[in-house]
Amino acid sequence: MRKARLAFAAAAGALGTVKVGNAAVEEAVSIKDPIGLNKQTIRVERGLIKEVHTNWYPANNPIEDTHDMRLRLRKSPGSLFGVFDGHSGTAASGFCRDDLFNILEFKHQKALANKRRTKEATEPPLLNPPVFKEADDAFLQVALAERRFIDGNAGACAVVCHLAGTNLTTAWAGDCRAILGKKPFLHSILGGGLTADELTLDHQIDSNPAEKHRLVTEHPNEPDVLYRNRVKGRLEPTRAFGDGKYKMMEYFNFYPRLTQRYSQSGWTPPYVTAVPDVSHRTINSSTEFLVLACDGLFQDLTSQEVVESVGEYLQAAKEQKTDHNAASWLTEKALRASASKYTRTGSLDELLALPQGRERRRRHDDITIQVIFFDHNSTYPKQTPSGGRISEPAILSTHRRLPKDALGPPGAISKL
């Protein structure tokens, strides 16, 4: 390993921009270690955060996942972490990586100013669900105005965590997950392994009854709205950024074959939304770490198995028996599980030898992971805001200047 400057760290993870202030970054890059080629270990030592471990491993060519982190915010205490799982292209996940945190901070700045002006007692949340939808609207309508139909039809599931002191807020749309690894009650007396506290519930038809009810209620005259456990028989996640054809007829009509296919049953968007669900937790002394990951990690692993695997990593690292960080360790765990099921020999080597693209994607998905480790006995400095005014993100100003009469609202109800 070698210590690298921040500029190199950001460049090394081109698909996962890392904003780490003055945190130290360790790079472990080995051509002989394809699993850990993109891993980063960031020593933060602020607030409750001791270290952040990240890694990404591609199946698609190019990889459709992205991620972002912001260890110091401008107006809010704490840090932001996010993983974005793209599908049907990279445009939506790239938008989330490049713009979502900027939009969240900018809109929060405006909400704080309004709070001071109106003397409201309630503190506005940084992870505000309507802001996620506003960001998605801007992405879709700007792409439509620029006739970038393929970009607007790309999609991305998202999970974002805001850690401020001991308060953890998680917002998610789709099937990316956030889980806490926790020591059981009376661990110091009774012992026992780590347990998983799931902060998210996948937005999928087969695992989330509320999403199934929402779609059936909103589209009562479409018997195929839920078909093969997919939205209109096609899309697995029921919430996501982008996916324009599931939200706006202008995107749907870009595909003549789809208009023919659904000429009888109808197509009445919106079906999918970027409005997230939100959960809250208080981090206490039993909380060891936080994992954010795309569904590629959970293809063949449960949340509990992921937490137990991080525990195994901690023991191996303590005994200096691994060159992995926690994220690349989990990546290998997921790939071994996939290899055992989807390769002829069941070996990891056979899986790793597959070329990036269709052959690899048939066995497993892109994998992107962030692991945040806590230190409850530290005397680290607090995660205070850096201050300064936040400028309006370019995509919001572009969206604001679009002629409103030229475009229908996102998700305008239309019949074929």
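Let's start with Arg361, which counts as partly exposed at 33% relative accessibility. Its salt-bridge partner is Asp365, with the closest N and O atoms 3.4 Å apart, and Asp365 is buried at a relative accessible area of 11%. Please keep in mind that this is a predicted model.

**Salt bridges**
- The structure holds 26 salt bridges.
- Some share partners: Glu211, Arg214, Glu218, Arg239 and Asp277 are joined that way into one network.
- Arg97 and Asp98 pair through their side chains, at 2.7 Å from N to O; Arg97 counts as buried at 13% relative accessibility, whereas Asp98 is partly exposed at 40%.
- Another pair is Glu319 and Lys321, whose side chains meet at 3.0 Å, N to O.
- In that pair, Glu319 is partly exposed at 38% relative accessibility, while Lys321 counts as exposed at 63%.

- Lys107 sits in helix 2, which spans residues 91-118.
- With a relative accessible area of 19%, Lys107 falls under the 20% cut-off and is therefore buried.
- Beyond neighbours within four places in sequence, Lys107 is in contact with Val131, Glu134 and Leu396.
- Leu396 is one of the buried residues of helix 13 (residues 394-401), along with Ile395, Ser397 and His399.
- The cover over these buried residues of helix 13 includes helix 2 and helix 3 (129-145).

**Gly311 and Gly193**
- Gly311 belongs to helix 9, residues 303-318, and counts as partly exposed at 22% relative accessibility.
- Gly311 and Gly193 are 118 residues apart along the chain, and their C-alpha atoms are separated by 8.1 Å.

Terms used
Residues are numbered from 1 along each chain as its sequence is written. This is a predicted model: local features need pLDDT of at least 70, side-chain atom pairs count only at pLDDT 80 or more; totals for chains, interfaces and linings use all residues. Side-chain values use heavy atoms; hydrogens and water are left out. Helices (H or I, at least four residues) and strands (E, at least two) are DSSP runs, numbered from the N terminus. Buried means under 20% relative accessible area, exposed over 50%, partly exposed in between (1.4 Å probe, protein chains only). Contact means heavy atoms within 4.5 Å. A salt bridge is a side-chain nitrogen of Lys or Arg within 4 Å of a carboxyl oxygen of Asp or Glu.
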